[in-house]
Amino acid sequence: MPDATTERDPEYIVDISEVFAQSTSKCIREYLKRLKAARDVSDDETELVESAIERLASLTNFPFIALELSQQCSEEQVADVFVRINSEGKKLNQSDFILTLMSVFWDEGRTELETFCRAARQPGLAGQPSPFNAIFQPDPDHLLRVDVGVAFRRARLEHVYSLLRGKDLTTGESNPENRAKQFDKLRDAQSSVLNLTYWADFLNIVRAAGYRNAKHISSGGATTNGTGGWPISAGNGCSSSGASGSWLKRTNHSAASRRARVLAPPLGRSFAGSCGPASRGAADAPQERVFGTRSSRGG
């Protein structure tokens with residue numbers, strides 16, 4: 001965007017649309033005339049100016065390919081075309097394909113993942129619950145893996161794209177009813193995965209094990225998988241309704257200590273002293289509140 005400095009600088013073309021609105025030779029002459037009025041211009045600089053403006057003007061000859069789809073195309077066909085086009089050039093992984101499919105059939109779900117990940121990196125409003133923390137700032141593909149683990153009990157994303165398209169892995173046939181059922185499972189799972197109470201409980205246990213920030217954790221994969229274990233252990237694993245109260249009542253500091261010791265080895269490095277995962281004092285310490293509000297625990 002032009003500002004007061006660039007508008008007065010003769011070396012800048014403030015509005016490049018002027019290059020396309022007139023002949024290239026005229027644009028070059030006017031630019032050089034303006035530049036030479038401000039300072040001396042060498043022959044080499046003149047050649048560079050002419051070459052640069054000619055390249056800019058040649059953009060009008062750049063070929064763009066537009067793919068028009070018939071109005072009779074189904075959503076599944078549109079999603080397949082989108083994936084095929086975007087797989088050219090850059091190598092996409094399974095999570096990219098699944099997130100693309102979510103954009104077509106459940107765009108709100110993908111938006112929820114992206115919003116949650118942004119909120120985990122930025123402090124929330126005072127007194128408001130937020131996933132913000134210093135231990136684990138996930139990306140959408142991290143949380144997608146957790147979604148898949150909770151919904152389909154799969155640690156790998158292989159075949160998940162086919163499942164969400166409604167494909168029967170046994171017969172190879174696809175139908176919209178199966179697709180709707182699979183997305184319902186993913187939707188229910190995500191409601192638990194993004195549950196701030198489960199998120200807070202998991203991070204508090206990691207903190208109690210001695211890991212205070214992301215620098216202490218050497219395995220992001222272990223953290224991602226550990227995050228998925230929380231909603232699975234909180235009742236039926238695919239719905240947050242009714243699970244929170246009964247599960248939280250069964251959870252006390254002794255259980256938290258045991259979980260902390262189990263989580264400590266795969267997450268990262270060991271620490272000596274009172275904050276280390278092997279230290280009973282750190283593991284048994286009362287859990288900290290990481291959010292503005294959260295559910296109360298029973299005894």
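**A friendly note on a helical chain**

1. Let's start with His159, whose place is in the loop between α8 and α9 (160-164); helices here are DSSP runs of H or I of at least four residues, strands are runs of E of at least two, and both are numbered from the N terminus. The phi of His159 is positive, about 75°, although this residue is not a glycine. With a relative accessibility of 39%, His159 counts as partly exposed, a label for values between buried (under 20% relative accessible area) and exposed (over 50%), found with a 1.4 Å probe on protein chains only.

2. A word on the source: this is a predicted model, in which local features need pLDDT of at least 70 and side-chain atom pairs count only at pLDDT 80 or more, while totals for chains, interfaces and linings use all residues. Residues are numbered from 1 along each chain as its sequence is written, and side-chain values use heavy atoms, with hydrogens and water left out.

3. Most residues other than glycine have a negative phi. Arg153 is partly exposed, with 46% relative accessible area.

4. Now the overall picture. The chain has 15 helices and 0 strands. Of its 299 residues, 36% are buried. Taking contacts (heavy atoms within 4.5 Å) between residues at least 6 apart in sequence, 67% join residues at least 24 apart.

5. Where does the lining of the largest pocket come from? Both α8 (140-152) and α12 (220-233) supply at least two residues each, and α12 gives the largest share, 6 residues. A pocket here is an open set of points on a 1 Å grid over the protein atoms alone, where a 1.4 Å probe fits, with protein on both sides within 12 Å along at least five of seven lines; lining residues have an atom within 4 Å of a point. The space in this pocket is about 180 Å³, counted as that filled by probe spheres set on the points, which are joined across faces, edges and corners.

6. The lining includes Arg145, Val146, Arg154, Asn225 and Ile232. By class it divides into 4 nonpolar, 6 polar and 2 charged residues. Ala, Val, Leu, Ile, Met, Phe, Trp, Tyr, Cys and Pro count as nonpolar, Asp, Glu, Lys and Arg as charged, and the others, Gly among them, as polar.

7. The helix α12 has 14 residues, which should span 20 Å at 1.5 Å a residue, and its end C-alpha atoms are 21 Å apart, in agreement; the expected span is 1.5 Å times one less than the number of residues. Buried residues of α12 include Thr223, Thr224, Trp230 and Pro231. In α6 (residues 94-105), the 12 residues should span 16 Å, and the 17 Å between the end C-alpha atoms agrees. Among the buried residues of α6 are Phe97, Ile98, Leu99 and Phe105.

8. Is Asn133 buried or exposed? Asn133 counts as buried because its relative accessibility is 4%. This residue is found in the loop between α7 (107-119) and α8. A polar atom of its side chain lies 2.6 Å from the backbone nitrogen of Phe136. Leaving aside residues up to four places away in sequence, Asn133 touches Ala120, Trp199 and Leu203.

9. Finally, Thr6 lies in helix α1 (residues 4-8). Thr6 is buried, with 14% relative accessible area. Beyond residues up to four places away in sequence, Thr6 touches Tyr12 and Val14.

Note on methods: A polar contact is a pair of N or O atoms within 3.5 Å; within protein, one must be able to donate a hydrogen and the other to accept it, and residues adjacent in sequence count only if both atoms are side-chain atoms.
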